[in-house]
Amino acid sequence: MAERPDVEELTIEECSSENGVIIIATINRPEKLNALNIDVKEAVKSLCAWAQESDEVLVVVFRGASPLPPPEGKRQKPHSFVAGADVSEFVGKDSVAIRPEFEDNVWEAVWKLRKPTIALIDGYALGGGSELALSCDIRIATNRSMFGTPEINLGLIPGGGGTQRLTWLVGYGKAMEMVMGGEMIDGKEAHRIGLVNHIVEPDELMNKGMEIANNLSSKSPLTIQIAKQAIRAALDNPITDGILLEHNMFVDLFDTKDKEIGVNAFMERGKPEWTGE
Ligand code: COA
């Protein structure tokens with residue numbers, strides 16, 4: 001059984017919903033704009049393993065810690081979801097040193113979680129931070145957020161799935177411009193090009209996130225997992241194969257208890273009590 005991580009760099013809140021638990025995982029390195037160092041990456045990987053195994057956990061929400069009040073005479077650090085991988089950990093490393101970190105990596109751990117995931121973005125989502133958001137199923141951002149893939153400015157390219165998932169989400173032309181140009185775009189533009197699902201005022205972010213998380217947690221955990229799998233099949237397969245896969249998944253759901261529960265609840269004007277079977 002995977003263990004729930006217990007480290008300062010990742011705070012984990014369990015919020016009760018009607019059918020189980022919504023996890024709010026906060027990346028907590030505000031002094032470094034929540035940059036992903038090895039400890040954070042390992043903690044998020046452990047969180048995903050634990051959340052996957054837990055019957056209670058229905059949805060996982062990721063966010064970045066808010067800036068701390070500045071010391072006397074110092075300026076306030078900006079708001080940030082995650083300002084990327086921790087660049088200080090790249091210094092002097094060669095391919096042999098970096099490969100293990102990027103093979104079994106945090107972005108794939110989030111992407112492969114079979115439960116719904118939501119990124120709540122308030123501030124910078126850069127490099128590995130934008131890739132973390134891209135690994136989630138749904139992205140909600142505040143209007144003061146900034147997105148970008150600035151790796152090109154470090155002599156690098158995105159290494160956490162950014163070139164692939166960004167291209168899927170915003171299309172070839174925008175991905176080319178963002179990855180090769182390394183410029184940031186603001187929340188409004190991110191919303192316009194489909195990089196984020198919703199754009200809200202900062203004080204509405206958590207409410208909007210919880211509204212969506214609560215809705216997702218009210219569905220059958222089994223059916224929602226199949227829905228996610230079916231949509232992902234669209235990324236991996238030609239459309240004819242994808243439609244066949246969807247067809248088979250749909251038909252197989254007719255052998256589940258939750259299909260009978262859902263259909264009967266509709267017929268009887270009742271509320272479905274899912275079993276997850
Ligand atoms: N890795 C390591 N440290 C980072 C970081 C990162 N990706 N992003 C920010 N930080 C640190 C800064 O070094 C600084 O630390 P310090 O106060 O100990 O010196 C602190 O976070 C605040 O950042 P700072 O640059 O002073 O804030 P700013 O408001 O002037 O600029 C950014 C904000 C986001 C524009 C700028 O920090 C930045 O460009 N970050 C790097 C983004 C990046 O290249 N990400 C991709 C990595 S693959």
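The model is a predicted one, with local features needing pLDDT of at least 70 and side-chain atom pairs counting only at pLDDT 80 or more, while totals for chains, interfaces and linings use all residues. Residues are numbered from 1 along each chain as its sequence is written, and side-chain values use heavy atoms, leaving out hydrogens and water.

As for the domains themselves, the assignment (bounds from an automatic or database domain assignment) puts domain 1 at 10–217 and domain 2 at 221–267. Their C-alpha centres sit 28 Å apart. To the contact (heavy atoms within 4.5 Å), domain 1 brings 11 residues and domain 2 brings 7 residues. Between them the two domains bury about 780 Å², with 59% of it on carbon and sulfur atoms; buried area is the accessible area (1.4 Å probe) that two parts lose on being put together, summed over both. On the domain 1 side, Trp 111, Arg 114 and Trp 168 supply 62% of the area buried against domain 2, more than any other three residues. There are also 2 salt bridges between the domains, a salt bridge being a side-chain nitrogen of Lys or Arg within 4 Å of a carboxyl oxygen of Asp or Glu.

All 5 of the 5 residues of β7, 138–142, are buried, so the strand is largely enclosed by the rest of the structure. Buried means under 20% relative accessible area (1.4 Å probe, protein chains only). Ile 138, Ile 140 and Thr 142 cover one side, with Arg 139 and Ala 141 on the other. Strands pair if DSSP finds at least two bridges between them. β7 runs parallel to β5 (residues 117–121), joined by 4 bridges, and Leu 120 has Ile 140 as its bridge partner. Another 3 bridges join β7 to β10 (residues 198–200), also parallel, where Thr 142 stands opposite Val 200.

Elsewhere, an open sheet of 4 strands runs β4-β6-β8-β9, with mixed pairing. β4 (80–82) and β9 (185–186) are at the edges with a single partner strand each, so one side of each has no neighbour in the sheet.

How values were computed:
Buried means under 20% relative accessible area, exposed over 50%, partly exposed in between (1.4 Å probe, protein chains only). Helices (H or I, at least four residues) and strands (E, at least two) are DSSP runs, numbered from the N terminus.
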